[in-house]
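Subject: Structure handover

Hi,

Here is the structure for your files. My notes follow below it.

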Amino acid sequence: MVAAAEAALARWRERGEGARLDIATEMTAITFQVILDTMLSGGEGIDVEAAARKITDYLETLGKITPADLLQWPTWTRVALAPRGQRAMVFLKAMVDRMVERRRREPPRGDLVDLLMQAQDPESGRRMDDVLLRDNLLTFIAAGHETTALALTWSLYLLGRDPETAARVRAEVAQVAGEASLTDADVARLTFTRQVVQEAVRLYPSLPLMSRMCAEDTEAGGHPVAKGTFIFIPIYAIHRHRRLWRDPDAFDPDRFAPSESAGRPRFAYLPFGGGPRVCIGQAFALTEAVAILATLVRGATLEPDPGHRIRPVMRVSMRPQGGMPMTLRLR
Ligand code: HEM
């Protein structure tokens, strides 16, 4: 994760002082590199550009709500309505199948692919077969790539507008790691940097809305809810609710200091969901976002473009419309 951020900084240095960068695209490139390194064998034997393109096609299909979803038509209609996404899925499955086959023959290297290959069901002792392994890897890629890139994009935007907070992050990184590359122990100690990421995904949750199909008749807040009802959980609105948060629209990472977090209702803060389907990648994503943010902030200051109006738009994930243009100041 740190290496991917350092490689991005090196690319930025080549672009030079004052370069205009689309930070949304830059963050996606970094998180994609992390996926290659942790889940796709470092990209060996993979056409990286084709893979990146197909992942985008696949995510765009997932990201569109079609009539098939709302009317609960059978899955094949969804596929028929999105041939590009379907082709991307076939491509990605074959790509990961080939990688899994190769990795089964190679010695372990300690990445996520190995962890999943070694994982054993605690009750049955069963391990994953190739199809289950491939589908898990593809799910991680789809769920973990853009979400983390967006968390970083919004973090850098908020820091760009708040030089004092950016200076606090930089001071923390210097105090914890000096000039050296960050280690995993350093990342765990970057508590204020972590609070910045936590605050960024409060204001701009990568997934601003969750949906559920009600499995049985029940009630919520005194209202009867019938089996089969479609329910939306508005994460974005909950995160800015005046009864749950002081000064809810302000960027203030100190609200995640332990003293202020104590006593906050668990479901006031849902960037990673909650309950049995809570994000399985939460720890991975937070570690990744903190490691990358800390590395970037120490090498560069990014200034938001004053002429660009930031409009968050929701496409399942919440992204800045037209990207996130920022000006590079090297440090
Ligand atoms: C900042 C980054 C991330 C955010 C904001 C995020 C957010 C979420 C949310 C809100 C859910 C719950 C969806 C629901 O209940 O309907 C979820 C589920 C999930 N996430 Fe993440 N996620 C992030 C990063 C990741 C990463 C890095 C991975 C994988 C390495 C990942 C893998 C998953 C998976 C597999 C699920 C489904 C879990 C299940 O249904 O049991 N996520 N995520």
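Helices (H or I, at least four residues) and strands (E, at least two) are DSSP runs, numbered from the N terminus. The model is predicted: local features need pLDDT of at least 70, side-chain atom pairs count only at pLDDT 80 or more, and totals for chains, interfaces and linings use all residues. Residue numbers start from 1 along each chain, as its sequence is written.

Loop residue

Asp-247 sits in the loop between helix H12 (235–239) and helix H13 (258–261). Its phi is positive, about 40 degrees, although Asp-247 is not a glycine. Asp-247 is exposed, because 9 other C-beta atoms lie within 10 Å. The cut-offs: buried means 20 or more such atoms within 10 Å, exposed 12 or fewer, and partly exposed in between, with C-beta atoms placed from the backbone.

Ligand shell

The ligand is surrounded by 20 residues. A residue counts as near if its C-beta atom, placed from the backbone, lies within 6 Å. The closest are Ala-143, Gly-144, Gly-273, Cys-279 and Gly-281. H8 and helix H14 (282–299) each supply at least two residues of the shell. H8 gives the largest share, 7 residues. By class, the shell has 12 nonpolar, 7 polar and 1 charged residues. Ala, Val, Leu, Ile, Met, Phe, Trp, Tyr, Cys and Pro count as nonpolar; Asp, Glu, Lys and Arg as charged; the others, Gly among them, as polar.

H8 against H6

Helix H6 (residues 83–105) packs on helix H8 (residues 130–160) at about 120 degrees, with the axes 10 Å apart. Axes are lines fitted to C-alpha atoms, for helices over the stretch in contact; angles run from 0 to 180 degrees between N-to-C directions. H6 and H8 are therefore oblique to each other. Under 35 degrees is roughly parallel, over 145 roughly antiparallel, 65 to 115 roughly perpendicular, and the rest oblique. On the H6 side, the contact includes Leu-92 and Val-96; on the H8 side, Leu-133 and Leu-137 are among the residues. In contact means C-beta atoms, placed from the backbone, within 7 Å. This contact has 6 nonpolar, no polar and 4 charged residues.

H8 against H2

Helix H2 (residues 23–39) packs on H8 at about 145 degrees, with axes 8 Å apart. Contact residues include Met-27, Phe-32 and Ile-35 of H2, and Phe-140, His-145 and Leu-152 of H8. The classes here are 12 nonpolar, 5 polar and 1 charged.

Best wishes

Definitions and conventions. Two residues are in contact if their C-beta atoms, placed from the backbone, lie within 7 Å.
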